[in-house]
Amino acid sequence: MLNGCIISFPSPQPAPEQYEALTKELAETNRQLTAIAEKLQRQNELPSGGALTGLSRPGNTGSAALLAKIEPLKTGADDAAILRFLNRIKIASMGQNAYSPTDPQVTLLKSIGPGHLALLLPFVSDAGFYHLTYALPALVNDDDKDLLLKSLAGNPRLLSVIVARGWANEAKATILGMLKNGNSGWEIAQAIPQLRLTAEEEKEVIHAYETVNNMSQLFAAVQGFANVDLTAISNRAWEGHRYSQPWERNQYALRAAERGNVEALGALIRYVAVSPGDDAMHWDGGNLRGRLVAFTGQSADAKKMLAWFEENKANIFFDVVEKRFKVR
């Protein structure tokens, strides 16, 4: 809560002999931050209610004014200083909803350096503190391996640094368990090349791709499996995700359409026809409207393409040689 500036954060579980001193330091931190927030409020830099929208940079990436006042952490900082540093960055990032590895918060967090993973772990799972996930590879060393592997089940964001370190196969059972949760699809997709999977475990990955939300990124891994029928997999995955959010549904529809699924083709044409300007497929490296023109040979005018589809859908077939939809 920023009104009154009562700052809450996960407890890092300090050692008993450090607790009293740490508590005093954090109380002083809260007092200082309260004064800063009240000053900004008086200066009308901080809107009432604590929202930082008035200070946010384009794209809602946090408060440039507050971030500019934060200096990188000095080498040798103790736990209390690190916690104060984390909380200042969190306050400056309030309201942020777009994150990038190039955000200034990431650079600041990297200044913490390795050797503090146990202190940082509770913050990694904070939904509003994704910067720490980007910074984490710079904040761990080989001594952190066991703690990372043990903590992964309760904190899926750790997977990216485990993959970066080449330790994914040692967490294989945990990673396969994560397939059922409907999150961390991108991180799991990055991990799979490091996993030594059995044929049955590959089937688990395929099943997750076909049926679990937020696992569309697994397609790259599925493509690499031996002796798989990508047409059948793509058709089942489309059936399993036809009612998902558009960004995900369209990925499955496109992969099915690429392999001749007329129904998936129709879903994509309808989407473009009713969503003008929303046809960029950044995750696929191309424009959906352009792909549909290539598939059908029709005009880029989505409404005309839809009229063509509705008129001929009973007679549309896929030419597997030319990779195009035609009318009998």
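Guide: The questions that follow set values from this predicted model against the cut-offs that give each term its meaning.

Visitor: What does the protein chain contain in helices and strands, and how much of the protein chain is buried?

Guide: The protein chain has 17 helices and 4 strands. Of its 328 residues, 45% are buried. The accessible surface comes to about 16,500 Å², and carbon and sulfur atoms account for 52% of that surface.

Visitor: How many aromatic pairs are there, and why is the pair of tyrosine 130 and tyrosine 134 called edge-to-face?

Guide: The count comes to 7 aromatic pairs. For tyrosine 130 and tyrosine 134, the ring centres are 5.3 Å apart and the planes stand at 75 degrees. Centres within 6.5 Å make a pair, and planes over 60 degrees apart count as edge-to-face; the pair is therefore edge-to-face. Both residues also belong to one aromatic cluster with Tyr99.

Visitor: What makes tyrosine 134 partly exposed?

Guide: Its relative accessible area is 29%. Buried requires under 20% and exposed requires over 50%, with partly exposed in between, so tyrosine 134 is partly exposed.

Visitor: Why is the pair of tyrosine 209 and phenylalanine 219 called tilted?

Guide: The centres are 5.6 Å apart and the angle between the planes is 35 degrees. Stacked needs planes under 30 degrees and edge-to-face needs over 60; the pair is therefore tilted. Tyrosine 209 lies in helix α11 (residues 199-211) and phenylalanine 219 in helix α12 (residues 219-224), 10 residues apart.

Visitor: Are these two residues buried or exposed?

Guide: Tyrosine 209 has a relative accessible area of 0%, and phenylalanine 219 has 7%. The cut-off for buried is under 20%, so tyrosine 209 is buried and phenylalanine 219 is buried.

Visitor: Which residues of α13 are buried, and why are they said to line one face of the helix?

Guide: They are Ile233, Ser234, Ala237, Trp238 and His241. Seen down the axis of α13, the buried residues fall within an arc of 135 degrees, so they line one face. An α-helix has 3.6 residues a turn, so residues three or four places apart point the same way. The cover over the buried residues of α13 includes α11, α12, α14 and α15.

Visitor: What makes arginine 242 buried, and where is arginine 242 found?

Guide: Arginine 242 is in the loop between α13 and α14. Its relative accessible area is 18%, and the cut-off is under 20%, so arginine 242 is buried. Its side chain makes a polar contact of 2.9 Å with the side chain of glutamate 239.

Visitor: Why is threonine 296 called buried?

Guide: Threonine 296, in helix α16 (residues 288-296), has a relative accessible area of 3%. That is set against a limit of under 20%, so threonine 296 is buried. A polar atom of its side chain lies 2.8 Å from the backbone oxygen of leucine 292.

Conventions: Residues are numbered from 1 along each chain as its sequence is written. This is a predicted model: local features need pLDDT of at least 70, side-chain atom pairs count only at pLDDT 80 or more; totals for chains, interfaces and linings use all residues. Side-chain values use heavy atoms; hydrogens and water are left out. Rings of Phe, Tyr and Trp (its six-membered ring) pair if their centres lie within 6.5 Å; planes under 30 degrees apart count as stacked, over 60 as edge-to-face and the rest as tilted. Buried means under 20% relative accessible area, exposed over 50%, partly exposed in between (1.4 Å probe, protein chains only). Helices (H or I, at least four residues) and strands (E, at least two) are DSSP runs, numbered from the N terminus. The arc is that of the directions from the helix axis to the C-beta atoms. Contact means heavy atoms within 4.5 Å. A polar contact is a pair of N or O atoms within 3.5 Å; within protein, one must be able to donate a hydrogen and the other to accept it, and residues adjacent in sequence count only if both atoms are side-chain atoms. Accessible areas come from the Shrake-Rupley method with a 1.4 Å probe; for residues, only the protein chains shown count as cover.
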